[in-house]
Amino acid sequence: MDDYKSLAFALLAAGIATYAVRWYTDPLRAIPTVGGSSLPGLSWLAALRMLRNGKAVVEEGYRKYPERTFKLPALDRWLVVVSGRELVEELRKRGEEELSAPESLKEISQAKYIFDPLIVTDQYHVKVLQEKLTRRLPELLLDIVDEVMAAVQDHIVSREDEWTSVEVIPVMQNIIARASNRAFVGLPLCRNEEYLRLAVGIVVDTVKTMIVLSLVPRFLKSTVARFYNKVQRNTELAVQHFRPIIEERQRIAAQRGERWDNKPNDLLQFILDKAKSNNDTISTIAQRVLGLNFAAIHTTSTVTHMLTRLAEHPELLAPLRDEIEESIAAEGGWTSVALANMWMLDSLLRETLRFHGIGLLGMGRKAMKDLTLCDGTFLPRGTIVHTAAHALHHDSAVLERADTFDAFRYARMRAAAVRSGSDQGTGAKLQFAATTTSPEYLPFGHGAHACPGRYFADNVLKAVLAHLILKYDMKLGGDGVRPADVFIAMGVLPAPQSRVLFRPRKCGGDPGQ
Ligand code: HEM
């Protein structure tokens with residue numbers, strides 16, 4: 001018995017010693033820690049606390065270490081964070097072989113364990129999004145608007161002269177899913193309720209799977225993923241919807257070849273055209289489309305923030321209505337140019353992402369080799385580094401009155417840029433989906449890997465918002481106070497049960513309807 005006890009103590013002591021040596025020699029130890037102690041064990045407790053007070057901790061790091069690097073405890077790793085323009089620019093400038101955006105995304109999303117290996121190694125659907133879907137947006141816009149109108153009609157049931165209380169998140173998830181899938185897979189699948197449930201569910205299911213796998217030790221991840229992978233299950237269900245459509249399209253393509261006159265103009269077809277030269281199966285194609293649904297449907301949080309802001313300040317609606325009506329009238333209908341001319345609406349979108357955003361951190365990059373940043377911080381290979389995006393967006397040294405939500409600030413700034421002739425007199429850098437990103441505005445990231453879906457998001461969000469603004473009056477219920485955002489770990493979310501009251505306008509309506 002005594003022998004067993006001695007052996008157990010010896011093993012425990014060896015374990016503690018190994019852990020202590022690893023901690024003492026960890027190169028990340030040199031980076032200052034915020035949010036708690038970096039001592040083994042205590043850092044885990046600090047990581048648990050971060051689940052609730054992440055915002056305060058990131059702000060503390062941003063304040064204490066300006067233009068420098070700090071680290072935060074997470075349950076499975078250290079999160080290294082840079083602040084200041086120079087370091088943000090450094091993350092942008094370092095090549096793919098030094099600081100990689102796709103590799104960081106793959107690691108954080110546990111991609112290797114969740115997605116089909118073919119998708120992890122060949123992300124051609126991102127190129128299809130950039131090169132095909134984005135270019136075809138002007139042609140697709142009328143379909144998107146048509147779907148928005150039909151979806152709003154189906155989901156916001158309201159009677160003349162009556163205010164109807166709408167729970168914003170589930171309703172907007174459905175409207176965004178329908179509008180996005182009109183461009184992704186076309187009719188009738190974009191209205192199939194079972195498919196829409198999968199498209200909407202992919203966000204929560206992917207995040208749940210990611211969280212579970214991130215908490216499992218590396219050597220167990222593959223095994224756990226075999227039993228717990230909600231993305232795989234969703235893909236299998238989605239295949240049942242995709243198979244007949246894909247087989248039919250492949251049959252027609254084989255018959256007609258280049259002479260296919262009314263070839264579908266949607267993301268699925270752009271992927272199918274490309275998939276011919278890959279080893280894609282119906283399952284991998286379905287998973288690629290579901291992956292892009294994840295990206296499209298998380299924009300619900302942005303619409304929710306905007307609607308609750310408009311409902312809190314209904315005085316914003318009149319100038320927006322004038323602008324939307326004038327832009328549509330000037331272009332003779334809903335066109336991409338009409339949307340681009342809606343500067344106040346664009347400003348509302350840009351300000352919403354600046355002020356609320358989707359996360360406390362941005363621009364994740366993985367160190368592909370040992371490297372030293374310009375502030376002297378050494379990052380060993382494998383480190384994931386981020387920017388303190390939310391704190392930067394709320395820094396009044398970077399943007400005047402940054403802690404105030406000012407819906408039309410960017411419209412005014414653009415007008416001033418045009419007057420002064422800066423930015424070639426266009427103010428284009430101050431647009432929501434600016435082509436040239438800036439180190440002061442990071443919701444879409446910055447540089448070559450900035451979000452390739454931002455132009456699509458711009459069109460869908462503007463179509464939804466413009467239509468709702470023309471069709472309804474809005475206000476908040478209860479005490480008229482907008483519910484506070486929810487901060488969980490590094491995520492920023494609108495209050496889960498956010499509600500807005502809608503009432504159809506008497507003399508209003510949509511000129512494009
Ligand atoms: C409010 C809307 C959106 C926000 C705030 C947003 C934000 C972002 C951010 C921060 C990144 C990482 C950029 C970086 O690391 O520098 C990203 C990447 C990406 N986004 Fe978006 N996004 C939005 C909408 C969309 C939509 C609608 C789509 C698809 C239709 C999309 C597709 C993607 C893809 C595919 C990537 C990965 C790009 C790559 O691997 O190079 N996003 N997005």
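Which residues touch the most other members of the largest nonpolar core? They are Ile176, Leu267 and Val464, in a core of 84 residues.

## Model and numbering

This is a predicted model, in which local features need pLDDT of at least 70 and side-chain atom pairs count only at pLDDT 80 or more, while totals for chains, interfaces and linings use all residues. Residues are numbered from 1 along each chain as its sequence is written.

## Overall fold

The chain contains 21 helices and 12 strands (DSSP runs numbered from the N terminus: helices are H or I with at least four residues, strands E with at least two). Its C-alpha trace spans about 85 × 60 × 45 Å along the principal axes.

Of the 513 residues, 42% are buried. A residue is buried if 20 or more other C-beta atoms lie within 10 Å of its own, exposed if 12 or fewer, and partly exposed in between, with C-beta atoms placed from the backbone. Among contacts between residues at least 6 apart in sequence, 72% join residues at least 24 apart (a contact has C-beta atoms, placed from the backbone, within 7 Å).

## Nonpolar cores

A nonpolar core is a set of buried Ala, Val, Leu, Ile, Met, Phe, Trp, Tyr and Cys residues joined through C-beta atoms within 7 Å. In the core of 84 residues, Val464 is one of the residues touching the most other members. The largest share of this core, 11 residues, comes from H21. Beyond four places in sequence, Val464 touches Val148, Ile175, Ile176, Ala179 and Val303. Another core, of 37 residues, lies apart from it and includes Val58, Ala74, Val81 and Leu91.

## Ligand shell and Cys451

The ligand has 27 residues around it, of which Ala295, Gly445, Cys451, Gly453 and Ala457 come nearest (C-beta atom, placed from the backbone, within 6 Å). Two or more shell residues come from each of helix H4 (101–108), helix H7 (124–133), helix H14 (282–297), strand E5 (362–367) and H21. By class, 18 are nonpolar, 8 polar and 1 charged (nonpolar: Ala, Val, Leu, Ile, Met, Phe, Trp, Tyr, Cys and Pro; charged: Asp, Glu, Lys and Arg; polar: the others, Gly among them).

An unreviewed UniProt entry lists Cys451 under "binding site"; such annotations may be inferred rather than shown by experiment. Cys451 is in the loop between helix H20 (409–420) and helix H21 (454–471). Cys451 counts as partly exposed because it has 15 C-beta neighbours inside 10 Å. Leaving aside neighbours within four places in sequence, Cys451 is in contact with Phe444 and Gly445.

Note on methods. Two residues are in contact if their C-beta atoms, placed from the backbone, lie within 7 Å.
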